[in-house]
Amino acid sequence: MILTLAGLTKMFSSLRGDILAVDDVSLVIHDRELFVLLGPSGCGKSTILNLIAGLERPTTGEIRFDDVIVASGRRKVFLSPKERNVAMVFQSYALYPHLSVFENIAFPLRIGKQGATGVEETVGEVAAMLEISDLLRARPAELSGGQRQRVAIARAIVRHPKVFLLDEPLSNLDARLRLAMRGELKNLQRRLGITTVYVTHDQVEAMSLADRIAVVRQGRIEQVGTPDELYNKPANPFVATFIGSPAINLLETAFAEENGVFFVVVGDQKLRMPDEKSEELRRLSRNVCLLGIRPEHIHLDRLDRRLSGQRLKGRVRAVEPLGRETILHLEIDDSRLTAMTSGGELKQGDTIEVDLDLKRAHIFEVPAQGPRARQ
Amino acid sequence: MRGHTLSELREGYSFMLPLIVFLGCFVLLPVVGTFVTSVYQDVTFLERKFILFQNYRRLIGDADFWRALRFTLLFVAVSVPLEMLLGLSFALLLNQSVPLRGLLRCCVLIPWAIPAAISGRTWELIYNYNYGLANFLLARFGLSDEPINWLGSSAGAFASVVLSDAWKTTPFIAIILLAGLSVIPSELYRQAKVDGANFLYRFYRITVPLLKPTIIVALLFRTIDALRIFDLIYVLTHGGPGGATTSLSLYGYRYFLVGDFGYGSSISVTLFVIALVLALIYVRLSRWSTELT
Amino acid sequence: MNEERMQRLLTLATSGFLIVFCLAPFVFMAVISLSGSPEFLSGQTAFNATFGHYRAIITTPSLHFIDYLRNSLAVSAVSAAVSTLIAALAAYSLTRLELPGRVLILFLILCVTMFPQISLIGFLFKLMTWLGWINTYGALIFPYVAWVLPLSVWILVSYFAQLPRELDKAALIDGCTRWQILRKVIAPVALPGILSTALLSFIFAFNEFMFALLFTTDHRARTVPVGIALFQGLHGEIPWGNIMAASIVSIVPLLILAVAFQRHIIQGLTRGAVKG
Ligand SMILES: Nc1ncnc2c1ncn2[C@@H]1O[C@H](COP(=O)(O)OP(=O)(O)OP(=O)(O)O)[C@@H](O)[C@H]1O
Ligand SMILES: [Mg+2]
């Protein structure tokens, strides 16, 4: 099913004043797609999900399931969650504490008035699919976090919903379980082929799960794209910073053009930009830019041999060994950079030569109020 | 406001409708009716007549009314502090991990659960001049040479009512205060103990300030409740001797009983206004005390 | 260590006082109900144990004690059930639906708890007379429901407000109507709260005196508190033994409830009050 959001806006009035929780969001989510809404806490992800589910009413804008308008601010159309046939999994799972696992899963069917025989069977199938057949008699309070998660998912998919909505379903699990469930969820979604919207604030989760991601910030969509696109072509500094760990280095640098060749200034040194970046730099309005370089695109002498010949002198400020790789905090003149290497031979205070892979650098306009203030 | 549609509003208010109907018909309407009736001459078998404030003027000249008012206020002033003190000490006790705490809690609930009209009869017997428990105990422990005429003298009747009322309502106060006590984090006490603060200091510096909001709530409830005392007096002293323990509720009730609704209503309105004023004073007090701290 | 010992002593003394203070009148009531004559404390007659008073109040139809008890139980049970149901509906709407005017209603309910009962009875008496309900259960049940509603609503609001909103959302998604959410999810999950509310309402209704005194005239609707308050002997002599036996029999259901559901009652009471 294709899910379309068009110019969707949601305003909350509270004692604190009006809050624009969702601000002119337009999206097309493809059939069978696993679509992730990614953004920091309070940016309005859950509100968007609630709007799709029919738990909230849009202030303006329209939501369509295929060609059916399920909610429209202007046309006064509003279908209830029941009529939309959506399923949802909540962060807290929201299992009914007074019902057994079986009754929890059967609940949507019983409300939907299916025959009693059908219920047994369907619940059995879904429970088998999620490997919780032996838990059917238990109460939610007796289950572990991971098991509750499975029950919540079983309850959601038992009705064969048109859309599957998940609101941070993994954030209450411990790290190991989260990893395992992530894989399972993705498999399940592929197998069921249900259009899915998944909300998270964890970029790793988003990157590993999503077919496509929308990055949300203060109720607005900053960029929509595949994980690759977001990583390689972030539309703005916010997206660039939000995707990737450790976070991208953003340097505010001056640049100049000499005979068609562009140079940027990093620290006290001038570096030549590769020719393919010229077009981007020429489009900027001023002679300063925000240069984004991911830590994994900074190469260090002695450790890496893929040098471009443009070396910067730097000093190691701090070393964070993570096992497989090491995060280095570097100082180049008065600029600070984070780099990632696979070796662990450097230590604090070492002087090194640094090579920036400028071909993979990202160039952004310097925002009016300065780059740090916006994050 | 959230965007409610008309049908949602209708559904939402339909959930509240029974509440509104019941409160409206059997509480709000009667109160308004009482206010209205209080400016009428409304006596059974007589023509109903609008007389504005004549009922109230009659109140001012009515010595029995003033005596009832004085008794009611005096009763509140004596019994509420007494019950608060007792209740606080019970609550402090029940908040400790003493053995048999469950049993103590059950004991406390017993006076609360017994209807005042029923326990009132028992108290009547306890205060009996000839063979009551009170005089028996006084004689047995040599506290008084003469048996006391509990219900036959003004002072004795007043004391009897106060004591019986304390028995019935102290548990309620203890339970409310207990709830307030149980949310005071025990780390505070442990910290103070480590700092070498003694028992009294801990009580005044931790318990009292943190319990203050609960105390004010309990005071408010008890004061309003004590103002309208009726059952116990009706059973125990019938307002006597010689009207010495007639409360405003009982005094007003007698007029309703004989069919003088106008005058009874004006007494009710007076009691209502007193309760309102006291409630407002408490609200103001609690606001001051939160502003000060 | 001195302080600790003092504290222990104080605890012990207060415990003793509490037990004696709370139980003494009750024990006295029980003793008199079992004694042939109430006068044994004066020393002129000896204590002689008997069940005669109990037999008397149960087997003497002209005392109407059984009628009073039945009236009280019926009126209190119906009032408690109806008021809890109404309060649950209202509390659900007040905590979940964010309707305009809900703060006003909560405030109104709080005010109603402050009203003196005497300010209602004049009008209610006329109303009941006009309806021809005097001396019927209706004359008691309707005012009782209204009278205990504010308390029930406060308690249930505080219970319902604690339940996570996601439960409602999940139920909505699963296709429930508002009414189904209340009946199939909220009410079962808040069952302890509903139970304490119903218990408290029952005890409050059972305790009520003024309405019952004025709106009933004889054994067909008179409740136990009024019955016992007006219990008179045939020849002017007060039948203390019978009164005490009747008292014991009628408070036994209350005490069993109070002791068995001690935790629920204390929780309900404190919520109703502390929230207010
Ligand atoms: N019912 C409501 N009334 C008023 N404001 C609300 C309501 N629901 C959400 N908001 C506000 O809307 C904004 C977006 O909230 P939302 O729950 O959608 O954020 P979120 O992205 O899901 O955050 P989180 O990751 O913390 O769950 C927040 O500022 C929140 O305070
Ligand atoms: Mg959220």
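This is a walk through the structure above, from one chain as a whole down to single residues. It is a predicted model, so local features need pLDDT of at least 70 and side-chain atom pairs count only at pLDDT 80 or more, while totals for chains, interfaces and linings use all residues. Residues are numbered from 1 along each chain as its sequence is written, chains are lettered from A and ligands numbered from 1 in the order in which they are written, and side-chain values use heavy atoms, with hydrogens and water left out.

Let's start with chain C. Its count is 13 helices and zero strands, where helices (H or I, at least four residues) and strands (E, at least two) are DSSP runs numbered from the N terminus. Along the principal axes, the C-alpha atoms of chain C fill a box of roughly 75 × 70 × 35 Å. Of its 276 residues, 56% count as buried; buried means under 20% relative accessible area, exposed over 50%, and partly exposed in between, with a 1.4 Å probe and protein chains only. The accessible surface of chain C is about 11100 Å², with 69% belonging to carbon and sulfur atoms (Shrake-Rupley method, 1.4 Å probe; for residues, only the protein chains shown count as cover). Take the contacts in chain C with a separation of 6 or more: 74% of them are between residues 24 or more positions apart, a contact being heavy atoms within 4.5 Å.

Now for the charges. Over all chains, the structure holds 31 salt bridges, each a side-chain nitrogen of Lys or Arg within 4 Å of a carboxyl oxygen of Asp or Glu. One of them joins A:Glu325 and A:Arg324, at 3.8 Å from N to O. Here A:Glu325 is partly exposed at 25% relative accessibility, and A:Arg324 is exposed at 68%.

In chain B, B:Arg222 and B:Glu83 form a salt bridge at 3.0 Å, N to O. B:Arg222 sits in helix 9 and B:Glu83 in helix 3 (residues 63-95) of chain B, so the pair ties together parts 139 residues apart in sequence. Both B:Arg222 and B:Glu83 are buried.

Chain C has a pair of its own: C:Arg96 bridges to C:Asp168, with the closest N and O atoms 2.3 Å apart. This pair links helix 3 (residues 65-96) with helix 7 (residues 165-173) of chain C, 72 residues apart. C:Arg96 is buried at 9% relative accessible area, and C:Asp168 is buried at 6%.

Back in chain B, salt bridges that share partners join B:Glu83, B:Asp165, B:Arg222, B:Asp225 and B:Arg228 into one network. B:Arg228 lies in the loop between helix 9 (199-227) and helix 10 (231-236), and counts as buried at 17% relative accessibility. Leaving out residues up to four places away in sequence, B:Arg228 touches residues including B:Ser249, C:Phe115 and C:Trp147.

A:Arg84 is buried yet has no salt bridge, and the nearest side chain of opposite charge, A:Glu83, is 6.7 Å away (Lys and Arg count as positive, Asp and Glu as negative; His and the chain ends are not counted). A polar atom of the A:Arg84 side chain does lie 2.9 Å from the backbone oxygen of A:Ile52.

Definitions and conventions
Polar contact = N/O pair within 3.5 Å; in protein donor to acceptor, adjacent residues only side chain to side chain.
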